[in-house]
Structure formats: C-alpha cells, structure tokens
Amino acid sequence: METSRKLIRKQSLEKLYNQLSATRKVYAPVIADDKQVEFKYNPGFAEVTFEHIRSTLSVKNIAFPKVENLFLYSNGKTESTITDIDLNKIPEVVLWGSHPCDNAAFDALRSIFEWDIKDEFFSKRMEKLVVIGLSCHLSDAYCFCTSVGLAPNSSKGSDILLSPLHNGDYQADILTEKGASIVNSFSELFESTSGEEVVLTTVKQKFDHEKVTSKLNGAFEHPFWVENSLRCIGCGACAYVCPTCACFDIQDETRGKNGKRYRSWDSCGFSMFTLHTSGHNPRNVQSARWRQRIMHKFSYMPDRNQSLGCVGCGRCSSGCPVDMNIAEQLEALQNI
Amino acid sequence: MSDFEPKVVAFVCNWCTYAGADLTGTSRIKYASNVKIIRFPCTGRIDFMLLLKAFANGADGIIVSGCHPNDCHYTSGNFHAKRRWIMFKELMDFMGVDMNRITFSWVSAAEGAKWADVVNTTVTRLREMGPYVSYRDLVNKSVEEEVKNE
Amino acid sequence: MNNLIARAKELLENKIVQVIVGYEAGPTGVARPAFITNPAKADLLIYDERCVQNLAVYLTKPEVRNLGKMAIVATLPVMRSIMMLISEQQIFADNIIVLGVSSDGSLLDIADIKVMQAYIEKSDLGNPVKDRALLVELNKLSKEERFAYWQKELSKCIKCYACRQACPLCYCTRCTVEVNQPQWIPVQSNTHGNMEWHILRAMHLAGRCISCGECGRACPVGIPCHLLTMQLADEVHNYFKVYAGTSEKMSSVLSTFEPNDKESFII
Amino acid sequence: MARIGVFVCHCGENISATVDCGKVAETIGKLKHVAYSTDYKYMCSDPGQTIIKDAIKEHNLTGVVVSACSPRMHEPTFRKACAEGGLNPFLCEMANLREHCSWVHEKNDLTTEKAIDIVRSQVEKVKLNSALQPIKVPVTRTALVIGGGIAGIQSALDIANCGHKVVMVERSPSIGGHMSQLSETFPTLDCSQCILTPRMVEVAQHPNITLYTYAEIESVEGFIGNFKVKIRKKAKSLDEKICTGCGLCTTKCPQKKIPNEFEQGMGMRPAIYIPFPQAVPNRPVIDREHCTYYIKGKCKVCEIVCPTKAIRFDQPDEILELEIGAIVVSTGFDIKHADFFPEYGYGKYKDIIDGLQFERLASASGPTTGAILRPSDGQVPKNIVFIACAGSRDPAKGIAYCSKICCMYTAKHAMLYKHKVHEGKAHVFYMDIRSGGKNYDEFVRRAIEEDHVNYIRGRVSTIYERDGKLIVKGVDTLLGAQPVEIVADMVVLATAGIASSGAEELAQKLHVSYDSHKFFAEAHPKLKPVETNTAGIFLAGACQNPKDIPDTVSQASGAAVKVAALFSQSELTREPLVAAVNRSGPPMYSTCVGCFLCQSVCPYQAIEREDFKTRDGKIIKTVAKINEGLCQGCGTCVALCRSKSIDLQGYSNNQVYAEVVALLNEY
C-alpha cells in the first residue's frame with residue numbers, strides 16, 4: 001500500500017491513546033518505581049513515557065512470550081487426551097511507543113518463526129498486533145542502529161510511526177493497512193502535515209555490518225573469540241533482553257493427571273544449552289557460546305534467513321553485568 | 001471457614017517420629033485425619049525444597065518431625081536438619097512466607113501421645129488460619145501469567 | 001593505581017604469573033574485568049570506585065584457568081571469596097597471587113594466606129552499609145507486606161541466571177535448576193517458580209555468602225536478590241557467630257553442627 | 001511401562017473397621033499404570049502372600065504396593081514374598097493404612113479418602129523404585145573384644161571356639177573384671193574365683209585368642225568386616241617374654257603404700273605389682289605414676305632383684321594396627337562410691353562401705369582373708385545395716401534406673417555376714433525386693449527366713465556417727481512410716497551401677513551411640529539388644545546397663561553368635577539402601593563439583609574422594625564417592641548436595657518428590 005504522512009497534535013495523541021485504550025489492549029512504556037522503563041498494558045496516558053531511550057526488556061514478548069503454552073493434556077487410565085490452545089482467544093494488541101529498532105526486530109523474528117513452517121502461535125500474535133512506533137529523539141552510547149542498516153526513524157515493522165516535532169506535536173507516517181485502518185477510525189484526530197522537521201537523535205555508525213558478515217566467514221577458529229569472551233560469565237541476560245533472540249526450550253509440566261506442554265525462552269549462552277545426553281557438549285566452553293551468539297546474528301541469519309539478527313538496540317550491552325559490549329566487538333571484528 | 005479442613009503433609013524420620021506415629025496407632029489414640037505422612041530415613045534427608053513443593057501443590061500446613069537431639073539413629077542427622085531449618089525459617093520469615101503454617105517437632109518412638117498432640121494442635125491452628133490463600137494465589141497467578149497474552 | 005600497574009608488570013615480566021585478573025575501563029566508561037597476559041598492556045589496569053565487580057568468579061572459569069597461574073586484584077569480598085573457594089576445594093592457594101586493594105584503593109601486601117586471613121579478620125565483615133539500611137527497612141515491614149514486596153520483585157525475574165553466574169560461590173557445573181528428574185524448579189519464568197529459584201539460591205548460599213552483593217548488581221531487571229543472601233549472612237552470624245570466608249579451613253555452617261545449637265521453634 | 005499391583009489388606013477388621021478397603025482397591029485400580037488391585041482379609045497370611053505372588057506372574061507386575069500395616073512391621077515379609085514371586089524385593093512398597101490411618105481415625109469418608117491418598121502416593125513412589133541388588137562387602141574374620149571381664153571372656157571363648165581369631169584388649173594389667181573381685185555369687189553361693197579363673201586361663205591359652213592387657217583402644221576406622229583398629233599397649237616396663245612371674249620384685253619394692261584397686265582401696269600394693277594372685281597374665285607391671293624411680297629418678301630395686309633381668313624402665317608404649325572384622329564391646333561398669341552421698345557423710349565415715357568393698361571383706365583372698373571386720377578398728381561388727389537402692393531409682397540424684405543386681409547381692413551380703421558372724425544382727429533397708437530370676441526369690445526368702453535378716457521396707461534419711469557407732473535413721477513404711485533408728489557398727493551401701501569410666505570416649509571412637517548415662521545404646525531395645533547402631537559392633541554385659549552374671553554371660557554368647565554369623569561367610573551381604581554419587585562419561589565424569597561439604601555431614605566417614613586422571617596420570621577432576629560398606633543411608637548428604645549429585649537408593653529425590661505431589665493432587 002502507499003504510505004502517507006499526517007500530523008497529530010499533542011492533545012489529539014492523548015485522545016487517540018485513550019480511545020484505543022478504552023477498546024483494546026494497549027501495551028505502552030512507563031517508568032517504573034525503580035526507574036526502569038517497562039511496557040505495561042493500558043497504563044494511564046499520563047504514565048506513558050515518550051522520553052525513554054530503551055526499555056529494560058524488549059517488546060518481543062508480545063509476539064514471542066517468555067512462556068507459551070502449546071497444548072494441555074490429561075492422562076486417563078490408558079489414554080491421554082490433548083486439548084489444543086484456542087488461538088482465536090489471542091486478543092488484538094496495540095503496541096504503543098516502541099522504538100524503530102524494536103519494531104524492526106519483529107521482521108527478524110518473523111524470518112525465524114516463519115522461515116519454513118509458520119509458527120502458528122507467533123503468526124497469530126503478529127496478525128493481532130498493531131504497532132504504533134515512536135522515532136528516537138534520544139540515544140546513548142549503547143545505541144548502534146545505524147551500524148545495522150537502521151536509523152532513529154526507520155519505519156520497518158511499524159504500522160504507524162510517530163516522530164516528534166519541536167512544538168510537541170507528532171508527525172505520523174501511516175505505513176500499512178493496519179495503520180491506515182486505525183487512522184481511518186480516528187480520522188478526526190489526524191491533520192495534514194505542514195512538512196515540519198522532526199526531532200531526531202544522531203546515532204554514530206560504529207561498524208559496517210556487511211563487512212562484519214564477510215569477515216565472519218572463515219573466522220570460526222580465530223583466537224578473537226577466546227580473547228574477547230574471557231569476562232563473559234555465561235548468563236542469559238543478553239538473550240533475554242534481546243528483541244531478536246528466538247531460542248526456546250520445550251517442557252512438559254504434569255501435576256496429578258493434568259499437564260501442559262509449553263515453550264519458554266532459552267539462551268545459547270547457557271553451558272547446558274547444547275549438552276548431549278552422552279555428556280558430550282559441542283559448545284563446551286564460553287568462547288564457543290559467545291562465538292555462536294555473534295555468528296548466528298551476523299553470519300548464519302543473513303545467510304539463511306536473509307535478515308540480520310541484530311537491530312542495534314544496545315540492550316545486550318547495557319544489560320550485561322560484565323560489559324560485553326557487542327558493538328565494540330563487532331567494530332573490532334571487521335578489522336581482524 | 002468453620003468447615004474448612006486443612007491439608008497437612010508430615011515429613012518424618014523413620015526411626016523416631018514414624019515409629020512414634022506407629023505407636024499412636026497401636027495405642028489407638030485418635031487424631032485429625034488431615035495429616036498424611038511421608039517417611040524419610042532421617043530428618044537430615046528432608047530437602048527444604050520438598051516443603052516448598054508441598055505448599056505449591058496445595059498443602060495448607062506442614063509438619064516436620066524427627067528424633068530428639070542426641071537420639072538420632074544416625075547420631076547427627078537431626079542436628080544438621082536443625083541448622084537447615086533455622087536458616088530456612090529465617091529466610092521464609094524474611095520473604096513473608098507464614099511460618100505458623102509449619103510445625104517443627106521432635107517426636108520419639110515412645111511419644112505416640114505427643115504425635116497425636118502435635119497433629120491435633122497443628123490442625124486446630126490451621127483451621128483457624130484458613131486455607132493458605134496467599135501462597136496458592138501466588139501459584140495460580142503464575143499460571144495466569146503464562147496464559148495471558150503478553 | 002600506579003603501584004598496581006607496576007606490580008602487575010613485574011609479575012608478568014618475571015613470569016611469576018601468566019595472567020592478571022583486574023579491571024579496565026570499557027568504551028562507555030564502565031569498569032569491567034580485564035585479563036592481562038602481556039606486560040605491555042598492564043597500563044590498561046585501573047582501580048577506582050567504579051571497580052565493584054567480584055572478580056573471584058573468574059577463579060573457577062575453565063578458560064581463565066587455562067591461561068595459567070593468576071594474580072587477582074582483590075577487594076575484601078574477593079579475598080573472602082578466595083577463602084571460601086579454597087575451603088571448598090575449588091582452588092589451591094599456591095596457584096593464586098592476591099593483589100589486595102584496600103577500601104581507599106591502595107595496594108596491600110598480601111604475601112600469603114595467613115596475611116590475607118589477618119587482613120580479613122580485622123575488617124568489617126557485616127553486610128555493606130547501604131544494604132544494611134535496606135534490610136532494616138524490609139524487616140520493619142509486616143509479613144504480608146514483605147510477601148507482597150518479594151512477589152512484586154520476583155515477578156520481574158526472567159530466569160537469565162545472571163545472579164548465579166556472577167556469584168563466585170555458584171561454581172557448580174550443574175545447578176539444581178538444571179536437574180529435571182525431578183524438575184525441582186520450573187523451567188519457565190513465573191512468579192512462583194522464580195520465588196522457588198531465589199529461595200533455593202539463598203539456601204545454597206546460607207553460611208557461604210560473603211556479602212559482596214554481586215548477584216543483585218548483575219541482575220538485568222534490578223531485583224535486589226542480594227538482600228536474600230545477605231539477610232541469611234546476618235542470621236548466620238546471629239545464630240552461629242561466624243562470618244563466611246574468614247579462613248581457608250572454615251567449614252560451612254550447614255554442613256556442621258553443635259549439639260547445643262539454639263532455636264526456639266521446634267516443639 | 002509400569003505395571004503396578006496394589007494389595008489392600010483388611011487386617012481382619014483392624015483396617016476394614018474404619019477404612020472401606022474395597023473402595024480403596026477399586027479407586028486405586030482406576031489409576032494409570034495400576035495393572036491389578038485387590039483387597040483381602042489378611043495379606044500377611046500364606047493365602048494372602050500367594051495372591052501377591054500369583055498376581056506378579058499373572059499380570060507381569062513391575063511394582064507392588066501392599067496397603068496394610070506399618071512397613072516397620074511387615075516390609076521384610078512382603079519384600080520376601082515379592083522375591084518369591086519373581087519380583088525384585090526393592091520394587092515393593094508398603095502403604096501404612098493401619099497404624100497411620102485406621103487405628104487413629106474414626107470411620108468416615110475422610111478416613112477412606114486419606115487411605116486412598118496414602119496408597120496413591122506409594123503407587124507413584126514405587127513406579128520410580130529401582131531393582132536393587134544387595135551389596136557385598138569382604139569380611140576379615142578376626143574379632144576384637146574390648147574388655148576382659150566375664151562378658152569379654154565368654155564372648156572371646158565362644159568366638160574362638162567357632163574357629164575364628166580373637167583379639168582381646170583389657171586396660172588393666174589382668175583380665176577378670178569385677179567378677180574376679182566377688183567373694184561368692186548368688187543364688188548358689190559358689191566361689192566366684194573358683195568358677196572364673198579356669199575361664200581366664202583358657203583365654204590365655206586358647207590358640208585363637210591373642211590377649212593384650214594393660215592396653216587401650218587408640219582409634220577405630222573402617223566399617224563392618226573391615227575395621228582398622230589401633231591399640232595402644234601401655235608400657236608394662238618389663239619384658240614379658242623373660243619375666244617368669246616369680247613376684248620377687250613385688251615383695252622387694254620399697255613403695256608399698258598404694259591403695260590397691262583390686263581390694264577397692266581396702267588394702268595396699270607396691271608400685272610394681274600383680275593385681276591379684278590369680279591374675280592372667282601373671283606378670284607384674286610398674287605403676288609409673290607411683291614408682292619411686294619414675295618420680296625421683298632413682299631406686300631400681302626391682303631391676304636389681306629380678307633374677308631374669310626383665311625390667312625395662314625405658315620401654316615405650318607400643319601402637320599396634322590390626323585388621324578387624326567385628327567388635328564386641330564388653331567394658332563393664334563401675335559403681336558409685338560412698339562419697340556420692342551427702343546424707344551418708346560423703347564417705348567420711350570409714351565404716352560406711354560400698355558393696356564391692358564388702359565383697360573384698362567377705363572374700364577368702366581379701367584383705368581380711370574373709371573375716372568381716374570394721375575398716376576403722378578391725379572389730380567384728382555386731383550390728384550391720386545394708387542399704388539397697390543407694391543412688392539407684394533416684395531421679396533427684398540423676399539416676400532414675402534400677403541397677404538390677406543390688407537386691408540380690410544385698411541379700412547375699414546379709415547372708416554371708418550371718419554365716420560368718422552368727423550372733424550379729426543384719427538389717428536391710430529396701431524400696432522393693434526385685435528378685436526375678438531362677439531361684440532368686442527363694443534365695444532372698446532364705447536370707448529372711450533361715451538367716452533371720454531383718455528386712456525393713458523404707459529409705460534411710462541420714463547416717464551420723466555418735467560414740468564410735470553409726471546412727472542410721474530411716475522409716476519403716478510397712479509400719480505406717482514409723483521412724484526407725486538403728487545403732488550400727490557398720491553400714492554397706494548397695495550403690496548404683498554406672499557406666500565405666502571412659503565409656504563416652506570409647507563410644508565416640510567407635511561411632512556408636514550411648515544413652516544419657518553413658519551406657520552404650522543397643523540398636524533396638526527388644527529385638528536388637530546386642531547390636532549397636534554401627535554395623536559390626538556388638539555389646540556384651542554391663543557396658544549396656546547393669547546386669548548380673550547369668551545375663552551377662554547370655555548376652556556375651558549372643559554377641560559371639562552375631563560375630564560368628566558374620567564370620568560364617570567370606571563376604572557380607574547388605575541392604576542396598578545407600579547413597580550414591582552420580583557418574584557419567586567424560587568430560588563430565590560426574591555432576592559432583594568436588595566441594596566435599598558432604599564429607600563433614602556424614603556421620604560414618606563414608607564419603608571418599610575419587611580422582612579421574614588422564615593416561616599420563618594428571619588429575620582431571622576429583623569427585624565424591626560413597627563407600628557402600630560404611631554408608632548407613634541416612635541421606636543427610638543428599639539433602640545438602642547443591643548440585644543434586646548424590647541420591648539415596650530407596651528414598652531418591654524422584655521418589656520423595658513424587659510422593660509429595662501424589663498426596664496433594666487429583667489423579
């Protein structure tokens with residue numbers, strides 16, 4: 001569809017939010033008691049922040065929840081009965097105020113979950129999702145969207161992208177049918193744009209991701225991995241805060257005669273992630289696991305999924321307890 | 001609340017309290033049927049995680065009981081258990097888990113009457129306290145967390 | 001700091017150690033662990049108020065150990081961690097050189113384990129002051145309020161296990177959470193399961209926690225989980241009059257007993 | 001796929017009176033994996049056991065739950081039945097429906113529901129049971145007997161006569177114990193030494209017995225069949241091989257004022273001495289604590305007079321290390337002395353003596369050659385008072401138990417006195433007369449009726465001295481608590497029997513439990529009276545509690561049979577309910593991380609280290625390993641292990657977890 005551009009006044013934005021919030025689930029960022037930025041369902045407009053750089057966790061859980069029940073079962077004397085999850089019960093959700101990097105991440109996730117067979121849970125959740133993104137007028141040293149082909153106002157993954165203007169109003173880019181249908185439902189709140197300049201932050205490019213991808217080809221045995229992963233303690237923080245990490249574990253949980261099979265987030269950084277029953281572990285040291293993380297995002301995914309596995313949000317680095325700074329490492333990698 | 005009957009799981013050692021409870025039986029002393037006993041070789045064997053699992057699976061109260069100090073069949077298992085329970089109790093208190101729902105006792109193989117008393121006192125107290133709603137809510141809430149659309 | 005760099009260079013140049021485990025400044029200005037193997041790079045070492053991570057966690061990491069004999073920049077919590085690791089047979093005193101730093105940043109002369117023990121014994125071994133204040137506040141709350149507090153905090157946990165991985169004493173190669181026969185701790189993250197995990201972790205550190213606070217600092221979602229182990233460190237001292245990590249021969253509170261241990265709740 | 005059989009017992013009406021057994025069997029039968037479920041009147045009966053055995057075959061069962069009485073009662077019965085039915089006995093569990101349900105609850109639906117819950121939890125448990133094989137442990141067929149009194153002598157001779165080697169260790173210079181001090185023995189009044197000394201000699205001469213006197217246990221390590229014992233042979237200061245036992249040294253020793261232990265301090269002995277004439281071995285020792293040479297550095301009279309030059313002043317203690325398969329503890333008892341009793345003057349009145357002292361007075365080989373004479377002036381007492389229960393059965397004195405032997409020996413003492421001092425008067429204050437035993441009550445009646453001993457039922461409140469006489473004040477409760485005052489020449493206290501000195505230290509060395517009075521604890525008060533909680537260590541005689549000679553000898557023979565049974569095969573078979581540290585292939589080898597905190601919780605030193613090495617001998621990993629011979633299966637290490645690398649067979653993590661879940665959930 002053809003994209004269009006409108007203007008929405010500050011007061012109208014509040015009305016839009018309130019009206020959306022009154023009729024459906026709206027997932028919007030707030031600043032919590034402990035000063036961390038988190039997304040919540042239907043907070044009051046006054047609570048919603050427009051001034052955040054990044055939320056502690058990404059918003060991938062909207063399409064790929066940290067726990068997803070796959071089916072329920074009940075064990076009888078001789079047979080078990082399985083109850084499927086009713087996907088139609090998945091509600092429509094408006095994701096509000098997520099930044100371009102997080103929104104672009106949905107494309108990266110899609111490249112995995114819809115790579116060959118469509119993951120029906122992911123696809124259904126995506127189908128029910130409308131993304132009203134927000135361009136960035138703030139950034140910090142961890143941001144590197146410009147190094148992975150994105151920008152503070154990339155429209156990828158958004159249905160509507162809001163960009164702040166100097167006077168507090170917002171430019172609204174209507175990017176998809178879903179976006180258009182929202183705008184049409186609330187057309188009185190949108191005005192035509194006068195072409196004012198949007199306020200955007202500048203994010204310095206730190207590396208050339210294509211160069212990284214080509215260097216990685218053949219760098220599997222490079223001493224770089226051991227030297228640069230010594231301080232990695234092997235937790236799963238980077239994977240769990242990452243908007244594109246898609247690894248999951250599948251478990252059965254039985255209590256009495258009833259049980260469920262679910263999937264939950266996992267991390268390739270854990271030492272047990274690749275442990276075989278035999279005791280053999282193909283990635284038996286942390287350097288191998290760190291290499292996997294970078295290889296997967298910058299070599300295997302571009303190769304197999306035609307998508308980069310990184311959107312430059314910087315969460316893995318800002319959330320890392322030992323400052324494993326991915327942008328710094330990628331910058332170094334392009335020169336090995 | 002008057003007809004509420006608490007579910008109580010008792011974790012007991014084989015040599016003292018289990019035998020003491022046997023003696024309660026042979027002496028035909030009656031006590032509340034709410035309690036169900038799990039036999040362990042020694043209180044030293046009782047993993048604190050099992051107590052949490054009992055609550056998570058719907059127990060309203062727990063009894064942990066073994067040999068009196070110095071009477072351990074294995075000489076020192078109950079002393080180790082004692083230290084473990086001291087730490088566990090302090091941690092639970094700090095986290096706001098209601099320790100009035102757990103009775104810790106020493107019941108010897110000769111104390112059949114004491115066993116009945118421990119059970120009855122615990123059950124009476126739990127009847128007054130009511131079902132352990134806050135813990136059950138925690139578990140149920142966790143189930144809701146899973147199914148909610150994130 | 002200059003003393004530290006000079007000492008590090010000397011150790012590397014004379015091949016007394018193969019690696020210095022210390023701190024360096026990262027590109028965003030935060031201090032982070034550094035593994036210096038080349039004396040020419042010793043200048044990268046820093047030591048200032050930013051250097052808070054407990055480096056002892058690296059003493060048991062296989063790839064760091066593979067580098068050879070190490071010297072480690074050690075604050076009081078690192079020294080206490082080293083004591084614990086020796087007493088639990090994870091490291092040998094002979095394989096480590098301790099570059100002790102005092103709270104004001106000056107380099108200490110820790111010639112051997114005896115000197116280190118003496119230094120630890122004359123230090124304040126209670127919980128850090130700011131955490132003590134938090135503990136006092138929490139202990140003032142009612143039981144129900146504390147339950148609600150921890151529920152709210154633990155609902156945030158994503159089970160990334162940064163708390164475990166950052167802890168120098170969580171050195172098990174297989175953690176209880178990775179046992180699935182039976183599945184002691186649910187794999188998924190939910191408030192109840194998260195609480196079980198944090199109870200388990202605190203109990204496993206009862207009598208072993210040296211109050212460095214690394215678990216809470218490492219948590220990417222800001223759960224003050226270090227208060228759980230610190231509360232128990234306080235209780236260990238209240239009941240048994242000991243602090244963990246004060247001697248290489250110390251045995252853990254939960255693996256020893258005194259017949260006259262006092263409690264008031266067992267009937 | 002598990003196929004569990006459930007067998008619900010009515011126990012006559014013991015269970016079925018309150019529990020609906022049919023409903024239990026029916027409900028459980030609907031559970032997944034339950035292949036067969038039935039109820040029957042008496043499961044433990046032959047037809048009941050046949051039902052189980054047949055069902056195992058017919059339904060190809062992989063596990064059995066017998067829902068009946070306490071497993072402490074019939075677990076062995078049903079495990080045996082399962083084995084006979086072709087099922088590994090450890091695949092059988094019991095649900096306790098009788099002691100823990102039907103006997104303690106009213107008849108109603110809740111009781112039946114509880115019964116169902118209990119059975120279900122055992123069904124869930126048994127699904128996770130493993131077929132275990134008994135553990136085999138090699139046995140060293142040499143017994144150690146600690147203590148050379150009549151208990152030790154009897155055990156040693158019985159074991160030796162079965163053809164096994166015995167090492168006997170006695171801490172004093174001679175074997176014989178308290179029995180060798182006695183004058184006559186009840187109820188036959190035969191001479192104690194006459195019946196004992198031949199046995200003592202037999203011990204010394206028996207080819208299977210090695211005797212170490214003047215020796216003590218230094219340390220005990222290892223476990224049943226495989227103990228490693230260190231014995232300290234205290235220096236006797238002479239060469240036993242050269243010494244002929246002529247005794248010249250003992251007569252020439254200038255230091256002769258040492259209270260004689262054998263005579264209970266009623267006579268003196270020299271510093272180099274043979275404890276008593278019939279001592280075995282009949283060789284002197286030098287008491288270095290009192291010997292002039294060791295105190296002042298000169299004397300050596302004994303060395304000068306010794307015709308064979310056997311004296312060795314510089315002889316050191318010797319430590320022997322022995323491999324032992326089983327241990328009999330027969331360290332005997334002591335008695336309280338008169339100084340324990342403030343009401344009787346704290347032992348300051350010379351003519352108040354204890355029972356053992358009276359034995360020596362009455363003994364033909366004693367300090368008075370058998371004449372009953374007052375210690376103070378050597379006069380024959382005309383009026384003598386015996387006080388039974390001096391200390392015993394007196395909780396206020398910390399001794400709540402009955403010392404058991406005093407009633408009988410007091411009657412004997414009174415009788416011996418009357419036989420020797422025909423005109424004298426003997427009075428006995430007693431609480432009750434406990435004379436159960438063959439010909440025992442007849443013996444007491446004889447004292448009263450034939451020897452006219454004056455038995456007064458009542459306690460003595462105080463004794464004091466007036467004009468060289470002892471004023472004994474008491475009451476006669478049979479005469480309405482009338483005060484009684486007896487002016488006596490001599491008083492004999494039947495003081496309480498107490499644990500032998502050093503019993504506590506020895507118990508700790510042996511890792512066996514002991515009671516609050518420091519008597520050694522038997523494994524079971526009724527059914528295992530000679531065993532201790534430590535496998536391979538047995539009890540004989542008064543080290544367990546005060547007992548008389550016939551009881552002591554019986555128990556000593558009992559202990560000997562236990563040892564002989566253990567030694568009847570070259571290896572021992574043990575129940576496999578022990579802990580195990582997991583093992584896997586390289587590079588992990590085990591999930592154990594080698595912190596060894598489990599070592600300090602193990603009460604049995606059962607946790608060892610195992611190194612995994614490369615081919616050139618470099619240690620890759622050191623992990624814990626359980627010694628199956630030592631582990632008793634308490635499981636304290638299991639609950640402590642953070643990585644869950646240790647598990648306990650029979651009570652595995654999986655099993656107990658399943659039990660908890662099964663008790664609380666719907667199935």
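This is a predicted model: local features need pLDDT of at least 70, side-chain atom pairs count only at pLDDT 80 or more; totals for chains, interfaces and linings use all residues.
Two strands count as paired if DSSP finds at least two bridges between them. Strand β6 of chain D, residues 142-146, and strand β7 of chain D, residues 165-169, are joined by five bridges in the parallel sense. Within this stretch, I146(D) lies opposite V169(D) of β7(D).

In chain D, five strands make up an open sheet with parallel pairing, and their order is β10-β7-β6-β18-β29. At its edges are β10 (209-212) and β29 (537-539) of chain D, each of which pairs on one side only. From one strand to the next, the twist averages 20°. In general, the strands of a sheet pair through backbone hydrogen bonds, and the pairing may be parallel or antiparallel.

A helix also packs on this sheet: α6 of chain D, residues 150-161. Helix α6 touches β6, β7, β10 and β18 (326-329) of chain D, and its direction makes about 165° with that of β7(D).

Chain D can next be viewed by its domains. The domain assignment divides chain D into domain 1 (4-132), domain 2 (142-234 + 317-332 + 500-567), domain 3 (248-305), domain 4 (335-498) and domain 5 (579-649). Taken over C-alpha atoms, the centres of domain 1 and domain 3 of chain D are separated by 70 Å.

Another part of chain D shows two helices meeting. The axes of α2 (residues 46-58) and α3 (residues 71-84) of chain D come within 8 Å and cross at roughly 40°. Because of that angle, α2(D) is oblique to α3(D). The crossing of α2(D) and α3(D) is right-handed. On the side of α2(D), the residues that meet the other helix are Q49(D), I52(D), K53(D) and I56(D). Their partners in α3(D) are A81(D), C82(D) and E84(D). Sorted by class, the contact of α2(D) with α3(D) holds four nonpolar residues, one polar residue and two charged residues.

Some details of chain D concern the backbone. F186(D) and P187(D) are joined by a cis peptide bond, with omega about 0°. P187(D) sits in the loop between β8 (184-185) and β9 (190-191) of chain D. A cis peptide bond also joins V280(D) and P281(D), again with omega about 0°. The loop that holds P281(D) runs between β15 (272-273) and β16 (285-286) of chain D.

Chain D also touches chain B. Each of the two chains gives 35 residues to this contact. On the side of chain D, at least two residues each come from α4 (98-102), α5 (109-127), α17 (636-640) and α18 (653-664). The largest share of that side, seven residues, is supplied by α18(D). The side of chain D that touches chain B is made of 17 nonpolar, eleven polar and seven charged residues.

Chain C has its own division. Its domain assignment gives domain 1 (2-121) and domain 2 (129-255). Between the centres of these domains of chain C, taken over C-alpha atoms, there are 25 Å. The domains touch: 21 residues of domain 1 of chain C are in contact with 18 residues of domain 2 of chain C. On the domain 1 side, α3 (76-87) and α4 (113-121) of chain C are the elements that give two or more residues. Of these, α3(C) provides the largest share of that side, eight residues. The classes on the side of domain 1 of chain C that touches domain 2 are twelve nonpolar, seven polar and two charged residues.

One backbone detail in chain C is K241(C), a residue other than glycine with a positive phi, near 60°. K241(C) is placed in the segment after α10 (226-240) of chain C.

Definitions and conventions
Residues are numbered from 1 along each chain as its sequence is written. Chains are lettered from A and ligands numbered from 1 in the order in which they are written. Axes are lines fitted to C-alpha atoms, for helices over the stretch in contact, and angles run from 0 to 180 degrees between N-to-C directions. Helices (H or I, at least four residues) and strands (E, at least two) are DSSP runs, numbered from the N terminus. Angles under 35 degrees count as roughly parallel, over 145 as roughly antiparallel, 65 to 115 as roughly perpendicular and the rest as oblique. A crossing is left-handed if the near helix is turned anticlockwise from the far one by less than a right angle, and right-handed if clockwise. Two residues are in contact if their C-beta atoms, placed from the backbone, lie within 7 Å. Ala, Val, Leu, Ile, Met, Phe, Trp, Tyr, Cys and Pro count as nonpolar, Asp, Glu, Lys and Arg as charged, and the others, Gly among them, as polar. Domain bounds come from an automatic or database domain assignment.
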